[in-house]
Structure formats: C-alpha cells, structure tokens
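Work through the exercises below with the model open. Each task is followed by a solution in steps.

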Amino acid sequence: MGTLLSKLEERLPLAPLKEAALHKQVPIHKHAFWYYMGGISLFFFLVQMVTGVLLLFHYQPGAETAHASALRIMTKVDFGWLIRSIHSWSANLMVGAIFVHMFSVFFMKAYQKPRDLTWYTGLALLGMTFLFGFTGYLLPWDDIAFFATKVGVDVAAGTPVIGKEIANILRGGTDITGLTIQRFFALHAVVLPGIFIAILSLHLLLVQIHGNKIPEGVERANAYRTIPFFPNFLYADLYVWLLAFNVLSILAAIYPWPLGPEADILKPAPQGIHPEWYFMAQFQLLKMMPEPVAMTLFGAAGALWAIVPLWNPATATGRRGKLATYAGIAAAIGLIGLTILAYGKL
Amino acid sequence: MNYPTWTIDVIGSGWVIGLIAIIHVFISHFAVGAGLFLPVTEYFARKHGRTDVLDFLHHHTRFFLVLTAVAGATTGVGIWFAISLVQPEATATLIRTFVFAWGMEWVVFLVEVASLVFYYYGWEKMSPELHQKIGWVYAATAFLSLVIINGILTFMLTPGTWLVTRSFWGGFFNPTYWPSLIMRAFVALSLAGLWGIYQGTKLDRDSFLRIWLLRYSSRWLIPSYMFAGFILIWYLQVVPDPSMAAMTRGIATAGVGNLSILTRVAMLIGLFTVTIALLVLFGPYLNPKDFTRAKAVALLIAGFFVTGATEWSREVIRKPFAIRGFMYSNGLYLQDVGKKLNTPFIENARWARLNPDIGEAMFKMQCMSCHTLHGYRSLAISLAGRDAESIYNFLVVLQKGSENPYRDIMPPLLGADADLKALAAYLSKEIAPPPSGGAASVKP
Ligand code: HEM
C-alpha cells in the first residue's frame with residue numbers, strides 16, 4: 001500500500017496540495033456563521049447532480065414523452081417521486097442559499113481585490129443557477145410549467161434589440177413546442193452542468209487561494225481567532241451539511257413535489273399564473289411599469305450590483321464603504337418587498 | 001357517544017392532545033434520562049475527584065427541578081385535561097381500568113420530586129454519601145414513573161388479554177409493554193446525552209470541562225444506537241397486523257407512488273436517527289472546541305423532531321381505535337356496532353338531541369375526532385368535487401361495518417338512512433367552494 005502511494009506520488013505529486021490543506025486556517029468570529037453559506041450552496045448543488053443523474057435514467061424529453069415519463073417517475077419507478085421531490089426542493093433551497101451567500105459576501109465586502117475575481121465567478125454561477133431553474137421547470141411539461149415558461153420567455157423577448165432573437169432560439173421557433181423541451185433539456189442536462197462545474201472549480205480554487213475574508217470591523221478590533229480548516233472546519237461543515245440534508249428531506253418527504261396534468265397548448269392560461277419565487281420581484285416590476293422601462297431599471301441595478309468591486313474598491317480610508325452597505329440593504333429590501341407585493345397581488 | 005363534543009378548527013382536536021403530548025414526552029423522557037445522568041455522573045466525579053464536574057452538576061440540578069416539577073407536571077396534567085375533553089369515553093375507560101396505576105404514579109411522582117428537591121438543596125448541606133443515595137432514589141423513581149405510564153400508553157395500542165379477562169395486569173403488561181419500555185429507556189438516555197451536550201456548549205471554549213463534558217455526553221447516545229435496531233424489530237413483531245399493514249401499505253408496493261404519510265414519516269424517523277448519530281460524531285465528539293450553542297440547539301431540534309414523529313406514528317397506527325379492539329376513536333364501542341349500525345342516530349347519541357341539525361351532530365360525533373372541515377385531514381379536500389348524492393354513496397360504504405374497505409382507518413358509520421342523508425347534505429354544504437365573485441377570485 002505504502003509503495004503504491006509513493007509510486008502514485010512520483011507521477012501525481014499531491015504532497016504540496018495536502019500540505020496546503022493542512023495549513024489552511026479559517027477565521028472564527030461573530031459573523032463567521034455566514035462562511036457556511038457557500039458550503040451549503042455547494043451541498044445543494046451536489047444533491048442536484050446526484051438526483052439529476054437518477055432522473056436522467058428515466059426522463060424522456062419530447063412533446064409526447066416528457067409528461068408521460070415524468071408521470072412514470074412519479075408512480076411506477078421505485079422512489080422516483082422521492083428523487084424528483086428532492087431535486088425540485090433542493091433546486092429551490094440552492095437558489096435561496098446562493099442568495100444568502102451572495103448578500104453575506106456583499107456585506108463582508110469580500111468582493112474587494114484580490115477577491116474581485118471570486119465575486120465575478122460567483123455572479124456567473126448565480127446567473128447559471130437561474131438558468132438551471134428556468135430550463136428545468138419546463139421539463140415535466142405539465143400545465144403550470146408550460147404557462148410559466150411562456151410568461152418567462154415572453155419577458156425575455158421584451159429585452160430591447162436582441163430579445164426576439166433570444167426568445168426564438170430558446171423556443172426553437174415562435175411557439176413553445178416539443179423542440180423547446182428538447183433545447184431546454186440540452187441546456188439543463190448538458191450545457192449548463194459542464195460550464196457550471198468549470199466555473200465552480202475556479203470559484204473554489206480562488207477561495208482556497210485567498211482564504212476567507214475577515215470583515216473590516218472584526219479585523220481592526222482583532223476580534224477573531226483561527227481554526228485549522230482540516231479537520232476542524234471540515235467537521236463543522238459536515239455538521240451543517242447534515243442539517244441542510246435533514247431540512248431537505250423533511251420538505252421532500254412531507255410535501256412531495258406535485259405534477260400537474262399534461263400541458264395543453266390550446267387551453268387558455270389559467271388564472272394567476274406566475275414564475276418561480278426567485279423571478280417574482282422582476283415579474284412585479286414588469287407589472288408596475290412599461291416593459292422597456294422595467295427591463296432597463298432592473299438591468300441597470302443588476303449591472304451596478306455586479307460591478308461593486310469597481311465602485312467600492314478596498315481603500316485605506318474605507319471610502320464609499322458605507323454607501324455599499326446601504327446599497328446592499330436597499331437591494332435586499334427592494335427584492336423582498338417586490339416579492340411580497342407580487343404574491344399579495346396574485 | 002354519551003358526551004358532548006369539543007370543536008377545534010384547523011388543527012383538529014387530535015392535535016391539541018398531540019402538541020401537548022409531544023412536548024410532554026420530550027420533557028418526561030428528558031427527566032428520566034437526567035434522573036440517571038445526574039447520579040451516575042456524580043458517582044464518577046466523586047470517584048475521580050473531579051470537583052469541576054461536581055460544580056457543574058450542582059449548578060444544573062436546578063434546571064431539572066424546574067423541568068420535572070413544573071414543565072413535566074403541567075404538561076402531564078394537560079394531557080389528561082385534553083384527552084378528557086377530546087375523547088371522554090376512552091378516558092373514562094382508562095380511569096376505570098387503571099385507577100390503581102394512577103395511585104402508584106402519584107406516590108412515585110411525589111417521591112421523585114421530593115428526592116430531586118433534596119438532591120438540589122443537599123449539594124452543600126449533605127454528606128457526599130447521603131447525597132449520592134438520594135440521587136439514586138431520584139433515578140429509580142424517575143424510571144419507575146416511566147414503568148407505570150408505559151403500561152397505560154401501550155395498553156391503548158395492544159390491550160392484550162385484558163380484552164377477554166378485563167384484568168388489570170393483563171392490560172398493563174400487554175404485548176408491546178416490554179419493547180416499548182426498553183425503547184423509551186434508551187431514548188431517555190440519548191436525550192440526557194443531548195442535554196449534557198447543550199449545557200456543555202455554554203462553558204468557556206477552551207475549558208477542559210467543556211471538552212470532557214461534550215465527549216462524555218456524546219457517549220450517552222451509544223446504547224441507543226447499539227440496541228435500538230433489535231428492539232424496533234421486536235416491537236414491530238408484536239404490533240397488531242392491521243397497524244403493520246397501515247405502516248407498510250406503501251412499502252409493500254415497492255416504494256411506488258407517494259407512499260402514505262405514515263410510511264414517509266417512518267422513513268424520516270429512520271433517516272434522522274442516522275443523521276443524529278453523525279451529527280453527534282462530527283459535532284461535539286470529534287470537534288468539541290468549535291461546537292457552538294446554536295449547533296447544539298439544532299441538534300436538540302432534530303431530537304425533538306424524532307420524538308414527535310415517533311409519537312405521532314404511534315397514534316396513527318392505533319387508528320381507527322382509541323383502544324384497539326375495544327373502542328373506536330369517536331367513542332363507539334366495538335361490541336355495539338352490530339346492534340346499533342342501522343338504528344336512528346338520535347337513539348345512540350344523547351347529546352345529539354340538543355342539536356337541531358342532525359347532519360352536523362353526525363359529523364361532530366362520528367368524524368370530527370379525526371377530521372376537520374378545512375384544516376388538518378380536511379374533508380373539504382377529501383370530498384372535493386362531490387355533491388350530496390355522491391357523498392351519500394360514500395357514507396353507505398362507510399356504514400358497511402366489517403366489509404367496508406376503510407375498516408382499518410375509519411370506524412363504521414352509525415345511523416339510519418335519513419341520518420346518512422342529513423350528514424351528506426351537511427357535508428356538501430360545508431365543503432362547497434365559496435360562490436364565484438367572492439373573495440377567492442379578486443382580479444389583480
Ligand atoms: C452554486 C453557486 C455557488 C457555490 C457552490 C459557491 C461556493 C462557495 C464556497 C464553498 C465558498 C467558500 C466558503 C464561504 O466563504 O462561504 C465561496 C466563497 C465565495 N463566494 Fe461563492 N458560491 C456560489 C455562488 C456565489 C455567488 C452567486 C457569489 C456572488 C456573486 C459568490 C461569491 C463568493 C465570494 C466573493 C467568496 C469569498 C468569500 C470569502 O472570502 O469570505 N459565490 N463560494
């Protein structure tokens with residue numbers, strides 16, 4: 001065994017990596033709780049990979065087969081309902097965890113140099129998570145999925161200049177058909193995972209290189225200590241993952257994800273059709289003002305949010321630091337407020 | 001059906017008992033486990049001269065005093081209040097059958113609280129030997145109260161030979177008595193361990209006592225994990241067949257479709273049992289320094305969930321009976337079913353005479369012990385889309401007694417044909433969706 005390992009080491013020198021892992025330290029302080037959020041997002045993503053592959057074994061895209069195969073997963077495949085329920089719940093929990101993660105790194109100002117690249121890769125992951133959600137939602141081809149996707153694609157079509165083209169490419173034509181399922185499926189199960197895993201690896205590598213950001217106040221007051229990543233923080237991470245797993249399994253088992261009747265393209269849209277909760281703020285904005293205005297407003301705010309490393313760089317004086325904090329609070333209130341408003345108006 | 005009914009909307013009257021009972025079960029098992037935790041730990045501390053541990057125990061005895069004597073006692077009495085309102089008929093049977101057990105329980109509980117009071121106030125005033133002895137008395141009486149109550153609890157699921165002999169001991173030492181007792185004892189030990197873990201997190205991060213306590217308390221969960229599997233198998237072996245059928249209804253069909261809620265909860269109990277072991281391993285045991293109080297609270301919540309889910313499942317497998325093989329959940333005696341089935345309801349339910357709407361009286365006396373109209377186990381959902389005629393057809397099926405396909409979950413329905421029609425009319429009126437144009441269809 002020992003010689004085998006040393007033979008492997010000659011060809012694949014892992015010792016420096018191990019060395020690095022052993023030396024990595026994680027700061028612990030009163031805001032350290034938020035360091036778990038990235039790990040929780042990662043956990044839900046891993047759940048998505050495992051359950052997604054299991055669903056792949058039975059799901060068949062296509063206008064005739066999509067709903068039928070989803071129904072078979074729900075009723076005939078052993079524990080298929082459970083796998084589908086976990087995949088759907090975990091998707092939502094993942095979006096929730098990523099939101100919390102993003103806001104927490106925002107407030108810790110962990111986007112400042114040298115972590116700005118980490119921030120941008122994170123944003124890419126967020127965008128792709130939305131795409132995962134959007135494309136996955138259509139796949140079971142039940143009536144709610146169909147109409148919610150229709151609403152969503154119509155919104156995308158409203159983007160100035162390129163909107164129409166994007167919508168047509170997504171749909172594979174001017175209507176949502178079997179071809180749309182095919183395209184969404186390709187994105188959801190092949191294209192997105194590939195790119196996502198690549199960017200996620202970069203994101204995690206950057207995190208390893210730079211270590212966790214210690215919030216300025218804590219750093220100045222020297223109110224922290226560090227613990228070794230291995231094994232202490234790893235155990236702590238595992239602990240939190242198990243808790244996340246428990247929450248996920250309660251939701252998935254007690255509230256199994258439903259499957260509606262097969263989509264009927266000819267039927268009028270049922271009342272109160274709406275996208276998933278994480279698109280609701282945008283949806284509400286669209287209802288409140290003309291579409292181009294809403295899209296521009298949302299796009300501008302999103303762009304400002306994305307480039308925060310540029311307008312609030314790390315400076316000796318901490319200039320504009322407060323402004324960023326206020327912007328974060330405003331963004332959180334805005335998103336939550338619009339979402340509540342949207343659900344109130346359904 | 002000789003008593004008035006108690007209407008609780010939304011959660012249903014069963015959950016009133018359920019909520020109080022789950023809290024009580026958690027606290028009382030805690031108390032039983034702690035009954036052992038305190039003197040055993042004291043014994044070790046004295047043997048090894050660990051004054052820091054003795055100080056800790058001294059400091060925390062008060063918590064148990066309050067927990068047992070106040071929270072445990074009030075929730076325990078609360079259960080009896082609640083069940084006598086929700087299931088008066090069954091409560092009357094329990095009291096008639098087990099009045100002797102209550103006598104014992106009163107004595108035992110009195111000694112338990114008294115010894116705990118002495119134990120608490122005696123930390124400084126008594127000789128170590130006497131104090132330790134009092135501790136053992138507390139442990140013994142705390143356990144004895146479980147020994148007694150367990151007889152009454154298990155009786156309701158498996159009354160055993162009592163059904164024939166009506167003998168006190170036959171009902172008390174019924175078929176599920178022993179596995180249930182041993183299982184509960186293990187649960188009590190585990191909860192004591194969880195408590196020790198929680199208290200440990202309040203200590204200074206680097207203190208030697210903290211690390212010792214977290215490791216030591218973690219070990220209190222080991223017996224459960226060594227033996228619980230065997231005991232569970234034993235327990236399931238003696239549970240009556242129809243109850244097992246209810247539990248395996250899903251599994252028998254190879255995990256297909258949405259298994260019954262009971263089966264799904266059973267799966268969660270199994271999962272949580274495993275994850276709690278892992279949580280304790282990765283948390284307090286392997287990583288005691290960084291185990292925070294918030295994490296300990298999460299662990300307690302997981303323990304609470306398992307306790308609650310297990311008690312809930314035990315309640316559900318008892319359905320449709322309050323006392324299996326003797327009395328249904330709605331107070332109907334099994335022996336009366338044959339002669340009363342088709343007689344006018346009014347003759348069998350004295351309080352129904354006060355209600356001008358016989359349909360409503362039927363619902364309250366025969367369905368409401370398990371269903372609500374719009375809340376828990378809602379009839380509005382189960383009967384959605386049916387009119388009075390179709391509900392009536394369903395009720396006729398329910399009335400078939402031993403041939404009715406629902407006999408393992410619902411009692412047979414009493415009443416003459418006119419009563420069934422009245423119930424159908426009442427239900428169809430109550431569950432009808434609000435007329436269109438009402439609150440449900442406000443446009444954005
Ligand atoms: C699937 C999506 C994502 C996964 C799996 C993920 C995972 C992680 C992990 C495991 C960490 C290290 C632990 C921590 O500090 O929380 C981390 C750190 C970080 N993430 Fe993410 N992340 C995701 C999305 C995002 C998003 C949307 C952003 C922001 C736009 C972001 C920005 C950052 C930053 C700036 C750090 C460094 C934090 C620090 O140094 O304290 N991540 N991420």
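Donors are N, O and S atoms within 2.8 Å of the metal. The model is a predicted one.

**Exercise 1.** Identify the protein donors of the iron atom of the ligand and classify the site.

Solution. 
- Step 1: NE2 of A:His101 and NE2 of A:His203 are the protein donors, at 2.0 to 2.2 Å from the iron atom.
- Step 2: The iron atom has 6 donor atoms, and the angles among them run from 82 to 178 degrees.
- Step 3: Six donors count as octahedral if opposite donors are over 155 degrees apart and all others between 65 and 115. The site is octahedral.
- Step 4: Ideal angles for six octahedral donors are 90 or 180 degrees.

**Exercise 2.** Locate A:His101 and A:His203 in chain A, and decide whether each is buried or partly exposed.

Solution. 
- Step 1: A:His101 belongs to helix 5 (residues 80-107) and A:His203 to helix 9 (residues 178-210), so the pair ties together parts that are 102 residues apart in sequence.
- Step 2: Buried means under 20% relative accessible area. A:His203, at 11%, is buried.
- Step 3: A:His101 has 21% relative accessibility and counts as partly exposed.

Notes. Residues are numbered from 1 along each chain as its sequence is written. Chains are lettered from A and ligands numbered from 1 in the order in which they are written. This is a predicted model: local features need pLDDT of at least 70, side-chain atom pairs count only at pLDDT 80 or more; totals for chains, interfaces and linings use all residues. Side-chain values use heavy atoms; hydrogens and water are left out. Donors are N, O and S atoms within 2.8 Å of the metal (3.2 Å for Na, K and Ca); water is not among the atoms, so sites may look incomplete. Four donors count as tetrahedral if all angles lie between 85 and 135 degrees; four count as square planar and six as octahedral if opposite donors are over 155 degrees apart and all others between 65 and 115; anything else is irregular. Helices (H or I, at least four residues) and strands (E, at least two) are DSSP runs, numbered from the N terminus. Buried means under 20% relative accessible area, exposed over 50%, partly exposed in between (1.4 Å probe, protein chains only).
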